[in-house]
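Try each task before you read its solution.

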Amino acid sequence: MELPKQHFRHALLLFFNRRKNADLQALLNENPTQSTSELAGKLNVDRTTVIKRLRDMLFK
């Protein structure tokens, strides 16, 4: 039985977002005083992406 394409895409997106947040959490556990710019550089993403992920982690 094949999954609907929309459901499969949603599941993939959820998986990758959790993985990215886990990477961010690991960096924060390593050194909680890092700036968002430093975190963005280590994760190779934009600073605003780090801010959004931090906000998501805070409110979930």
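**Exercise 1. Find how many helices and strands the protein chain has, and in what pattern they come.**

Start by counting: the protein chain has three helices and zero strands. (Helices are DSSP runs of H or I with at least four residues, strands are runs of E with at least two, and both are numbered from the N terminus.) Next, read along the sequence, and the pattern comes out as α-α-α. A word on what you're looking at: this is a predicted model, where local features need pLDDT of at least 70, side-chain atom pairs count only at pLDDT 80 or more, and totals for chains, interfaces and linings use all residues. Residues are numbered from 1 along each chain as its sequence is written, and side-chain values use heavy atoms, leaving out hydrogens and water.

Now bring in the record. UniProt, in an unreviewed entry, lists residues 19-56 as "domain: Helix-turn-helix type"; such annotations may be inferred rather than shown by experiment. Over that stretch the chain is 79% helix and 0% strand, with the end C-alpha atoms 13 Å apart.

**Exercise 2. Work out which residues make up the largest nonpolar core.**

First, the rule: a nonpolar core is a set of buried Ala, Val, Leu, Ile, Met, Phe, Trp, Tyr and Cys residues joined through side-chain atoms within 4.5 Å. Buried means under 20% relative accessible area, exposed means over 50%, and partly exposed lies in between (1.4 Å probe, protein chains only). Of the 60 residues in the protein chain, 15% are buried.

The largest core has seven residues: Leu-24, Leu-27, Leu-28, Leu-39, Ala-40, Leu-43 and Val-50.

Then pick out Leu-24. Skipping neighbours within four places in sequence, its contacts (heavy atoms within 4.5 Å) include Leu-39, Leu-43, Val-50 and Arg-53.

**Exercise 3. Decide whether Asn-44 is buried or exposed.**

Find Asn-44 in the loop between α2 and α3. Its relative accessibility is 71%, so Asn-44 counts as exposed. Finally, check the backbone: phi of Asn-44 is near 60°, a positive value. Most residues other than glycine have a negative phi.
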